[in-house]
Amino acid sequence: MKEKEALLRKIPAVHELLETLRRKRPRFSEKLLTQAARKATEIVREEILKGSRRSLSPEETLKVAETVLERLERPHLRRVVNATGVVVHTNLGRSILPQEALEAVVEISAHYSNLEFDLQTGKRGSRYVHVEEILLELTGAEAALVVNNNAAAVLITLNTLAAGKEVIVSRGELVEIGGSFRIPDVMARSGAILREVGATNRTHLRDYEAAINENTALLMKVHKSNYAIVGFTKEVSGKELVDLGRRYGLPVIEDLGSGCFVDFSKYGLLKEPTVQEVLATGVDVVTFSGDKLLGGPQAGIILGRKDFIAAIRKNPLNRAVRIDKMTLAALEATLRLYRDEKEAVEKIPTLRMITTPPETLKRRARRLKNKLRKVLPPETEIQVVETISRVGGGALPLASPRSYAVALRSPKFSPARLEAALRAAEPPIIARIEDEALLFDLRTILPGEENLIVETLAQIFAREGLCQS
Ligand SMILES: *Cc1c(COP(=O)(O)O)cnc(C)c1O
C-alpha cells in the first residue's frame with residue numbers, strides 16, 4: 001500500500017508534463033499536447049493502482065506521454081500485415097483490392113463522373129448501369145442490382161418479394177454469419193415470415209412441398225458458408241427446388257454468401273458451384289458478397305429475373321442500402337478482370353492467394369527463414385513448417401489449402417509476448433500462435449512484407465533484449 005502511495009505521489013502534475021512536452025515536441029498543437037499529458041498521467045495512475053507499474057521516473061512518464069502522442073497523431077484505421085493465412089479475414093478487411101480497382105477509385109473520386117448522368121442524352125442517368133452490363137455478360141443473368149453488402153441484398157430481396165408472406169427454408173440452412181447476420185433475424189426484419197422445414201441434418205423435397213400453402217411467397221436456399229453438416233444428411237439441391245417451385249408457381253431464391261465466378265476445383269480446391277452454374281439451374285434470384293471470394297470491394301450483388309430485379313430496385317429501402325461511387329468504381333474494375341480468368345487469378349489478390357501452390361509458399365518460407373536467421377539471436381528457433389491456411393469469410397468452409405509458414409520459438413519470449421509486440425509495431429503484424437510457436441503463414445503475406453517482418457522482429461529482439469539483461 002505504502003509503496004503504491006509513494007509511486008502515486010511521483011506522478012507529475014499535468015501542467016508540468018505539458019511543459020516538458022512543449023519543449024520536446026514543439027511541432028504539435030497545444031490541444032494535442034494537453035490531451036497527451038492528461039492521458040499519460042491517467043495511464044500511469046491506473047498502472048500503479050493495478051500493480052503493473054513498480055517504478056516511476058520523470059523519463060518514464062514522458063515516454064508514456066510520447067507514446068500517447070504518437071497514437072493520437074496516426075490514423076485509427078491502419079494498414080496491417082496479415083500473416084494469419086486466413087485469406088478473406090473479415091476482421092482484417094476481407095479482400096484487398098486489385099491495382100486496377102485502386103486506380104479506378106482514385107480516378108472516379110478525384111474527379112466528377114457520370115455516376116448518375118447519361119452521357120448520350122445529357123439527362124439524368126442511373127448509377128446501377130455501370131456494372132449491370134458486365135455482370136450480365138459474366139454470369140448470364142437477366143438483370144442485376146448492386147447494394148451496400150450481401151446482408152442488405154438478402155434483406156431487400158426478402159422485403160420486396162415476400163413481406164407479409166411465408167418463405168420456406170431448411171432447418172439445416174438457418175445460418176449465423178459472424179457479427180449479427182442471422183437468417184431468422186434478417187427474415188423477421190424484412191417482414192417475411194420464416195417457415196422452417198426438415199431437421200437440422202436432413203431435409204427432403206417432401207418437407208418443402210408439405211409446407212407450401214396459399215400464403216407461401218418463396219422457396220429459399222442459403223449457403224451454409226461457415227459450417228458443414230456431416231454424417232447422416234440430406235439436402236435438397238437448388239435444381240430440385242426450382243422444379244418444385246415451377247410446379248407450384250413459386251420463385252426460388254438463393255443466398256450464395258460468398259459467390260464465385262471461378263471454379264476452384266481446377267486449382268486443387270473443393271468444388272463450389274459458381275454463380276453462373278447456380279443461375280443455370282433456373283434459380284430466380286441469387287445474392288452474394290463483393291468482398292469475399294469475388295475479391296472486390298464490400299458490396300451485395302443481386303442477380304436474376306428482370307421483373308424481380310426491377311421490383312427490388314424500386315423498393316424505397318434501396319436508397320438506404322445504396323452503393324457509393326467509390327465502391328462502384330472498384331467493383332467495375334474488379335469485374336472487368338473476370339473477362340479473362342487467367343488475368344483474374346493473377347491480378348485479383350484474393351484469387352491469387354487462394355490458388356498459390358504450396359511449393360511456391362515453401363520457397364518463400366525458406367527465404368523468410370534465411371533472412372530471419374541473419375538478424376535474430378542464435379538461440380531463437382526458426383523453422384519452416386507445413387500448415388493449413390483458411391479461405392475465411394464464410395467461404396469454402398471445408399477447404400483447407402496446404403501452406404507453409406515460418407515458426408518462431410524464443411527461449412526468452414513467450415509466443416504470446418512476441419505476438420503482442422508485433423501487434424504493437426508500425427505497421428502492426430498479425431501472426432498466429434500454434435504449438436507454442438509464433439507462425440507466419442506465407443499465403444497471406446504480400447510481396448515486400450517479408451522484409452517488414454524481418455526488420456520489425458529484429459527491432460523487437462534488439463529492444464526487448466536490452467530490457468531483459
Ligand atoms: C457473408 C454472408 C452474408 C453476409 O454478407 P455481407 O457481405 O457480409 O453482408 C449473408 N449470407 C451468407 C450465406 C454469407 O455467407
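## Helix 2 meets helix 3

Val14, Leu17, Leu18, Leu21 and Arg22 of helix 2 touch Glu30, Leu33, Thr34, Ala36, Ala37, Arg38, Ala40 and Thr41 of helix 3. Contact here means heavy atoms within 4.5 Å. By class, this contact has 8 nonpolar, 2 polar and 3 charged residues. Ala, Val, Leu, Ile, Met, Phe, Trp, Tyr, Cys and Pro count as nonpolar; Asp, Glu, Lys and Arg count as charged; the others, Gly among them, count as polar.

The model is predicted: local features need pLDDT of at least 70, side-chain atom pairs count only at pLDDT 80 or more, and totals for chains, interfaces and linings use all residues. Residues are numbered from 1 along each chain as its sequence is written, and side-chain values use heavy atoms, with hydrogens and water left out.

Helix 2 covers residues 14–24. Its axis and that of helix 3 come within 9 Å and cross at roughly 130°. Axes are lines fitted to C-alpha atoms, for helices over the stretch in contact, and angles run from 0 to 180 degrees between N-to-C directions. Helices (H or I, at least four residues) and strands (E, at least two) are DSSP runs, numbered from the N terminus. Helix 2 and helix 3 are therefore oblique to each other. Angles under 35 degrees count as roughly parallel, over 145 as roughly antiparallel, 65 to 115 as roughly perpendicular, and the rest as oblique. The crossing of helix 2 and helix 3 is right-handed. A crossing is right-handed if the near helix is turned clockwise from the far one by less than a right angle, and left-handed if anticlockwise.

## Helix 3 meets helix 4

Helix 3 (residues 30–50) also packs with helix 4 (residues 58–73). Their axes come within 8 Å and cross at roughly 125°. That makes helix 3 oblique to helix 4. The crossing of these two helices is right-handed.

Helix 3 brings Leu32, Leu33, Gln35, Ala36, Lys39, Ala40, Ile43 and Val44 to the contact. Helix 4 brings Thr61, Val64, Ala65, Val68, Leu69, Arg71 and Leu72. Sorted by class, they give 11 nonpolar, 2 polar and 2 charged residues.

## Helix 5 meets helix 14

Helix 5 (residues 99–110) and helix 14 (residues 325–337) pack at about 145°, with axes 8 Å apart. Their crossing is right-handed. Residues in the contact include Ala104 and Ile108 of helix 5, and Ala329 and Ala333 of helix 14. The classes here are 9 nonpolar, 2 polar and 2 charged.

## Around the ligand

Arg94, Asn149, Asn150, Ala151, Ile177, Phe181, His223, Ser225, Asp255, Gly257, Ser289 and Lys292 surround the ligand. A residue is near a molecule if one of its heavy atoms lies within 4 Å of it.

Some of these residues make polar contacts (a pair of N or O atoms within 3.5 Å). A side-chain N or O atom of Ser225 is 2.5 Å from a ligand oxygen. Asp255 has a polar side-chain atom 2.6 Å from a ligand nitrogen. For Ser289, a polar side-chain atom lies 2.6 Å from a ligand oxygen.

## Two backbone details

Ser225 sits in the loop between strand 7 (216–222) and helix 10 (238–248). Its phi is near 50°, a positive value in a residue other than glycine.

Glu426 and Pro427 are joined by a cis peptide bond, with omega about -5°. Pro427 belongs to the loop between helix 18 (415–423) and strand 13 (429–430).

Technical notes:
A polar contact is a pair of N or O atoms within 3.5 Å; within protein, one must be able to donate a hydrogen and the other to accept it, and residues adjacent in sequence count only if both atoms are side-chain atoms.
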